[in-house]
Amino acid sequence: MHPLPASASVRVRRAELSDLDDLVTLEESSFDTDRLSRAQYRRHLDSDSALVLVASANHRNFLGTAVVFFRKGSRVARLYSIASKPETRGKGVGAALLDAVEAAARQRRCHAVRLEVRDDNAGAVRLYERHGYRHIGHYPHYYQDGTHAWRYEKSLD
Ligand SMILES: CC(C)(COP(=O)(O)OP(=O)(O)OC[C@H]1O[C@@H](n2cnc3c(N)ncnc32)[C@H](O)[C@@H]1OP(=O)(O)O)[C@@H](O)C(=O)NCCC(=O)NCCS
């Protein structure tokens, strides 16, 4: 395994069909419940109301992903999922993905990004809070396994 060098600059691009295997593998290694299936990823790649982003750096083509949903008539983007490959965590991939999510939301004239996170996911909560997301709600038993969710929002204005 080759850890991501600290100097590697992370790029974020739109996911393509050829990313499907990596997306599904990362989904399975990152989430125990509420996973997106291959068919769901496949649909989201072609959808106007979804954006699947992929982070890459240097020669390593797939380091992580974020999935964002947009709704017609709504100016709030929903960050549905974000994950980086286990061996690259803590190296800024999550931060680069979040920046790209916010840029994409701004481009679609959204004024906020909203997300739900498991209330026991300290790593993700730290990432969101450091990036200016504010806790705006608590949803008991939100996930398939009964875990509670916190809702966070960042204003883009
Ligand atoms: C949450 C997640 C996306 C963060 O991605 P990341 O690539 O580690 O993000 P970053 O490197 O930008 O920031 C992670 C923070 O944790 C710290 N960290 C250090 N080592 C770490 C490690 N081994 N794992 C995770 N975070 C680590 C980082 O230093 C950073 O904090 P800091 O900037 O205050 O130092 C990633 O941990 C992940 O994929 N988790 C599993 C899926 C998940 O829970 N997703 C969120 C819910 S949808």
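What percentage of the 157 residues of the protein count as buried? Which residues of α3 are buried?

Reply: The model is a predicted one, in which local features need pLDDT of at least 70 and side-chain atom pairs count only at pLDDT 80 or more, while totals for chains, interfaces and linings use all residues. Residues are numbered from 1 along each chain as its sequence is written.

Of the 157 residues, 30% count as buried, that is, with 20 or more other C-beta atoms, placed from the backbone, within 10 Å of their own. The protein contains four helices and seven strands, these being DSSP runs numbered from the N terminus (helices H or I, at least four residues; strands E, at least two).

In α3, the buried residues are V93, G94, A96, L97, L98, A100, V101, E102 and A105. They pack against β1 (10–14), β2 (50–57), β3 (60–69), β4, β5 (112–118) and α4. The 15 residues of α3 should span 21 Å, and its end C-alpha atoms are 21 Å apart, which agrees; the expected span is 1.5 Å times one less than the number of residues. After α3 comes R109, with a positive phi near 65°.

The largest share, five residues, comes from α4. Of the 19 residues around the ligand, S84, R89, G90, G94 and A95 come nearest, a residue being near if its C-beta atom, placed from the backbone, lies within 6 Å.

Technical notes
Buried ≥ 20, exposed ≤ 12 C-beta atoms within 10 Å, placed from the backbone. Contact = placed C-beta atoms within 7 Å.
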